[in-house]
Amino acid sequence: MTVTGTVALEPRRASGWALIRQRFLKHRLATVSLVILALLILLSVFAPLIAPYSPSQIDATNVYAASNSEHLMGTDALGRDIFSRLLYAGRISLLVGFVVTILSALIGTGLGLLAGFYSGQPLLAAVGPFSPQWAGARHTEGRSFWPKTIIRWLVWAALIAFVIRATGQFASVADGVFVTVTWVIGVALAALIFYFTFIRSIRLDIDSVISRMIDIFLAIPTLPFLLVLAGLFSNPKIGLGVTLDQWLGPARSVTVIIFVLTLFGWLSMARIVRGTILNLRNAEFNEAAIGLGASDARVILRHLLPNAVAPIFVQITLDLGHAIVAEAALSFLGLGIQEPTASWGNILNGAQEAIFQQPTAVFWPGLFILLTTLSTNYIGDGLRDAIDPRSRG
Amino acid sequence: MLNYTLKRIAAMVPILLAVSLLVFALIQLQPGNFVDDLKLSNPNMTVQEADNLRRAYGLDQPWYVQYGKWLGHAVQGDFGVSRKQYIPAATFVVQQRMGNTLLLGAGALTLSLLIGIPLGILSAVKQYSVLDYVTTFFAFVGFSLPVFWFGLMLLIVFSVNLKVLPAGGLSSANASPLVSTEATFDATGPVTKIEPASDGTRVTVEIYDADKGAAEDKVFTLPAGVKSDVQVGDYVSPGQPYGRSVTVASWLTYALDRLKYLVLPTVALAVIQIATWTRFMRAALLDVINQDYVRTARAKGLRESRVIYKHALRNALIPVITLIGLSLPGLVNGAVITETVFNYPGMGLALYQSILDKDYNPAMVILLLLALITLLANLLTDLAYALLSPRIRFS
């Protein structure tokens, strides 16, 4: 029986990443995707060297040109070279994609770690209505509980109403009274509903808070809400737009889109990390670490996080594809990256307006987006197979 | 189970409240409002007039005051008026737009299930075959596709180049299931009486007979179902149709016309869904095929088709069916962008336009409706799972 030894001979921990790399490279499509993504990144980074024209060079005598030897992909409504614009747009689109993904990964991982690790432990904030007693952790059976709770809520409601009353401007005294009363009743009602639906049945720990937050965010259909959010900053003429414009100049729309996409980007990461940590928490190595007196931070960062790296990386690749499509979608709808800064989405938007004059111009930006998302999806797939061969399907 | 359902429904209230607060705050924090836009587009409007208008709409107050008032009205079923459509926002969204979106979404869901599920089954049964690799590749392309780009490419191929399908919209101009009746008023004179009868509507027309030099009544009986625009006092003339009605042929023509406009958006919306269902069905079936009871079925000597379709598929379909609920938010997201590309007047297009127009009441209604749909879909998914899989019990 000479066969038996081979598996056991493989070194276990030391070559973990080497093994993953080996298995990943066996996934041909994933390897090809990695090359394509790298190529796209290189093309964008070295756009100034590769692009035959400046992305903003207008040629009024040569608009809507078809693909020819001078203009590889033709020209747009202003006679700008589409190929050059796509290369420069790649810088913005990929930048947005990567920054959003990294920020989402950081936020999602952070919150997921906290939620997973502290799940079941009541929140310690003893402020106002969110005190541990009130949250049902202890002393809830006492007779004085009900009056105390109600009084505390009324105090809070009145405080909120007072702040509103103090800062708001009302048309008349009656108006002020109406609004204040509505608010007190509204806040008290909302609080009671909140109490009965969440806290009484589920103890208020940081996990509940984060999970409930994710629930609320998930209940909002992402794209419609992103439209609202992006619209918030899209007007450079008045209000908030001016402030942002002064701070950021031309980078305004890029920063705004990163912020808006990150706001929704961390949800899936947080859920996945939380789930992984909840599973790992019962693992023996974790209990051993706690038993040896390791601090919370040490347990989380040195023992739990390294074991959650695999799903985090897979999620990052998927998030990257999502972020790039989402940016393109918003820019396509005119609410994302604004002209003259080029992004794949807003080039597509421009091409859509000339769909009858120059149908081919629509094809190219979409191809760039498709290539990027397709390769990130394949990389994710390859990574998943490489990290956990059992999941292969 | 009932207790659990009620609890979940109760839990929706605070979530919807939170969503409404969040959305309202963000909307109201936007620079500029409806009146600002009106003032910009109308140079004759004075500052005083604009201020009056702002006060009338309550736009001069801070957002939380506006939210309090909005909430107060909303819980009574009053969601404000759409300032572009001049009708109540809820009426606009529910009566004029929701049906179109539901039709598009239902069509896309059906299409994607009809294609995706069989493809997934085939792919799993013939794992690692050429068919499996091709299907898997197209599934990856499918969910990597940007919907808006795919929609535009469909437009270019089928509307711009081949010219076989319309480029967008809901239906052809003036398309209606109502057609003029063949029967006409063969008389000239004023309508004196309109009364309902058991077999339709009787319209009495007073005719002046020049030979006799006197007026006499002539009664026309409009069949039931005919919508007539004549009123008492109107003059009818010979050749004027009784009115308009729905016939089988006219209804079919109208339905076909609508269908022609639905094809491209439905395909565009369905493509990601098809990819998802294929992948999911494949994974679910592969999961089940390796179970002991499938091996037992095979060991009993059952035919392979019976093993797959009777034993494996039934169990594999459980997680797939429950996922239908979870796919709804994806459909909704896709619908917004598909409707915009194809200019299809559904909730998505309404939302997009109301945001551009700063006409926020319909936007609030739509977003809350979509949030409600998402929450209900989640609940239904959990309940369906509990019903189909006896191992899961809610307490």
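Two strands pair if DSSP finds at least two bridges between them. Helices (H or I, at least four residues) and strands (E, at least two) are DSSP runs, numbered from the N terminus.

This is a predicted model, in which local features need pLDDT of at least 70, side-chain atom pairs count only at pLDDT 80 or more, and totals for chains, interfaces and linings use all residues. Residues are numbered from 1 along each chain as its sequence is written, chains are lettered from A and ligands numbered from 1 in the order in which they are written, and side-chain values use heavy atoms, with hydrogens and water left out.

**The sheet of chain B**

Four strands of chain B form an open sheet. Their order is E5-E4-E3-E6, and the pairing is antiparallel. E5 and strand E6 (235-236) stand at the edges of this chain B sheet, each with a single partner strand, so one side of each has no neighbour in the sheet.

Strand E3 (residues 189-197) of chain B pairs with strand E4 (residues 200-209) of chain B over six bridges. E3(B) and E4(B) make a hairpin, with two residues between them. E4(B) is also joined to strand E5 (residues 214-223) of chain B, by 10 antiparallel bridges. The hairpin of E4(B) and E5(B) has four residues between the strands. There, Gly213(B) takes a positive phi near 70°.

| Residue | Opposite residue | Strand of the opposite residue |
|---|---|---|
| Val191(B) | Val205(B) | E4(B) |
| Thr204(B) | Val219(B) | E5(B) |

**Chain A**

Chain A has 15 helices and zero strands. Of its 393 residues, 45% count as buried. Buried means under 20% relative accessible area, exposed over 50%, and partly exposed in between (1.4 Å probe, protein chains only).

Contact means heavy atoms within 4.5 Å. Among the contacts in chain A with a separation of 6 or more, 69% come from residues 24 or more positions apart.

**Ser375(A)**

Ser375(A) sits in helix H15 (residues 360-387) of chain A. Ser375(A) counts as buried because its relative accessibility is 2%. A polar atom of its side chain lies 2.7 Å from the backbone oxygen of Leu371(A). The side chain of Ser375(A) also reaches the backbone oxygen of Thr372(A), at 3.0 Å. Leaving aside neighbours within four places in sequence, Ser375(A) is in contact with Ser33(A), Ile36(A) and Leu37(A).

Note on methods: A polar contact is a pair of N or O atoms within 3.5 Å; within protein, one must be able to donate a hydrogen and the other to accept it, and residues adjacent in sequence count only if both atoms are side-chain atoms.
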